[in-house]
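Subject: Structure for you to look at

Hello,

Here is the structure I said I would pass on. My notes on what was found in it follow below.

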Amino acid sequence: MATNDALTDVAGLRVGHARLPGDRALTGTTVVLAPEGGMVAAVDVRGGGPATRETDALDPRNIVQRIDAVVLTGGSAYGLDSASGVMAWLEERGRGVRVGPGPDRVVPVVPAAGIFDLGRGGDWRARPVAATGRAAVEAAAAAGSGTPVAEGGVGAGTGALIGRLKGGVGTASMLLDSGTTVAALVVANAAGSAVDPLTGVLYGRYLTGRVEYPAPEIHEAALLRLAELGERNGPPPLNTTLAVVATDAQLTRAQAHKLAGTAHDGIARAVRPVHLLNDGDTVFALSTGARALADGDPLALNDLLAAGADVVTRAIVRAALLAESVDGPGGTYPSYRELYGLDGQAHQTS
């Protein structure tokens with residue numbers, strides 16, 4: 001496990017969050033900022049209802065080679081406007097695709113994806129805007145490289161849900177035997193559930209090697225509470241889980257695309273069902289290129305692919321565990337910790 005167990009363990013990457021102000025606003029934006037010189041990027045969309053911007057630019061057949069930032073945001077398609085604020089910030093610093101002779105002739109390419117959280121704070125029209133994106137990228141720049149990442153109900157995860165439970169932002173990292181770092185940041189906002197209905201255990205916990213089983217009476221009470229709140233809150237929410245998987249390994253755009261695709265397995269291990277028509281599940285893969293892959297080994301990428309899925313699963317578990325309950329005009333959304341207890345109140349461990 002790397003230093004912060006976070007996306008920022010990939011040297012040079014910075015993460016910033018911003019929340020839309022207002023008593024009835026429950027939404028925000030998260031920005032992943034590249035080191036100077038940019039990063040190789042790819043995307044893989046598996047959900048049936050994505051809200052995205054500039055993802056076509058990441059196709060390996062197209063001209064863009066490196067990007068400077070990725071935006072994850074609330075507000076569904078409306079919230080994609082937050083990327084405009086990030087573009088403006090980058091342009092002011094001469095960062096982007098060169099399109100003319102002067103240093104100011106740039107067009108920043110800022111891929112973005114949004115989750116559905118409209119109305120969860122009580123105001124349907126509360127959506128991230130350009131100023132929200134600018135605040136998030138400024139927070140990323142101020143945080144510096146290697147800074148721990150805030151998790152739970154922050155940034156794009158402010159209004160996130162996982163099924164009927166409160167969701168949010170989670171992050172995790174892994175240091176491979178080769179010295180390569182693989183890390184993920186997830187905005188967990190799924191149509192499916194992260195909780196095994198038979199046991200009350202978070203699905204992703206089954207992969208950690210240590211499982212705490214809630215007492216049956218606690219699990220039964222949790223199911224009853226969720227059923228009651230389901231009737232009060234209305235129909236199941238629309239969704240989308242977003243993830244950024246990053247590595248310091250030097251990847252081609254085609255290899256990054258493969259990493260984005262296999263990282264979706266990490267979502268499928270932690271949430272069931274997944275990739276539905278009312279999800280917009282989207283994974284970005286980033287490479288800073290600081291470390292070369294093993295020369296002459298055509299399978300050197302495999303360790304990164306496996307690690308990418310693993311850190312996504314762990315990030316979703318962290319998002320569920322670090323989320324805090326919300327009770328407001330937009331609905332009542334309890335956290336996993338509230339329903340099952342801070343210590344898990346286990347009666348059996350395997």
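Asp-5 is buried, because its relative accessible area is 10% and the cut-off for buried is under 20%. Please keep in mind that this is a predicted model. Asp-5 lies in the segment before β1 (14-19). Its phi is positive, about 50 degrees, although Asp-5 is not a glycine. That is worth a look, because most residues other than glycine have a negative phi.

A second residue of this kind is His-275, which is not a glycine either and has a positive phi of about 60 degrees. His-275 sits in the loop between α4 and β15. With a relative accessibility of 24%, His-275 counts as partly exposed.

The loop between α4 and β15 (282-291) also holds Pro-273. The peptide bond that leads from Arg-272 to Pro-273 is cis, and its omega is near -10 degrees. For comparison, most peptide bonds are trans.

Now the whole protein. It has six helices and 18 strands. Of its 350 residues, 57% are buried. The C-alpha trace spans about 65 × 50 × 35 Å along the principal axes. The radius of gyration is 19 Å, which agrees with the value near 20 Å that a compact globule of 350 residues would have. Among contacts with a separation of 6 or more, 78% are between residues 24 or more positions apart.

Next, the helix pairs. Two packed helices are described by the angle between their axes and the distance between the axes.

How do α1 and α2 pack? Helix α1 (residues 82-92) packs on α2 at an angle of about 50 degrees, and the axes are 5 Å apart. The two are therefore oblique to each other. The crossing of α1 past α2 is right-handed. On the α1 side the contact includes Trp-89, Val-86 and Glu-92, and on the α2 side it includes Arg-134, Val-137 and Glu-138. By class, the residues of this contact are six nonpolar, four polar and three charged.

At what angle do α4 and α5 pack? The angle between helix α4 (residues 253-270) and helix α5 (residues 302-322) is about 40 degrees, with 7 Å between the axes. This pair is therefore oblique as well. α4 passes α5 in a right-handed crossing. Residues of α4 in the contact include Lys-258, Leu-259, Ile-267 and Arg-269, while those of α5 include Leu-304, Leu-305, Val-312 and Ile-316. Nine residues of the contact of α4 with α5 are nonpolar, four are polar and four are charged.

Last, Gly-146. Where is Gly-146 found? Gly-146 belongs to the loop between α2 (130-143) and β9 (161-162). Gly-146 counts as partly exposed, at 32% relative accessibility. Leaving out residues up to four places away in sequence, Gly-146 touches Asn-4, Thr-8 and Leu-13. Gly-146 and Thr-3 are 143 residues apart in sequence, yet their C-alpha atoms are 8.5 Å apart in space.

If you open the model, Asp-5, with its positive phi, and the cis bond from Arg-272 to Pro-273 are two places to start.

Regards

Conventions. Residues are numbered from 1 along each chain as its sequence is written. This is a predicted model: local features need pLDDT of at least 70, side-chain atom pairs count only at pLDDT 80 or more; totals for chains, interfaces and linings use all residues. Side-chain values use heavy atoms; hydrogens and water are left out. Helices (H or I, at least four residues) and strands (E, at least two) are DSSP runs, numbered from the N terminus. Buried means under 20% relative accessible area, exposed over 50%, partly exposed in between (1.4 Å probe, protein chains only). Contact means heavy atoms within 4.5 Å. Axes are lines fitted to C-alpha atoms, for helices over the stretch in contact, and angles run from 0 to 180 degrees between N-to-C directions. Angles under 35 degrees count as roughly parallel, over 145 as roughly antiparallel, 65 to 115 as roughly perpendicular and the rest as oblique. A crossing is left-handed if the near helix is turned anticlockwise from the far one by less than a right angle, and right-handed if clockwise. Ala, Val, Leu, Ile, Met, Phe, Trp, Tyr, Cys and Pro count as nonpolar, Asp, Glu, Lys and Arg as charged, and the others, Gly among them, as polar. The radius of gyration is taken over C-alpha atoms; the globule rule is 2.2 Å times the number of residues to the power 0.38.
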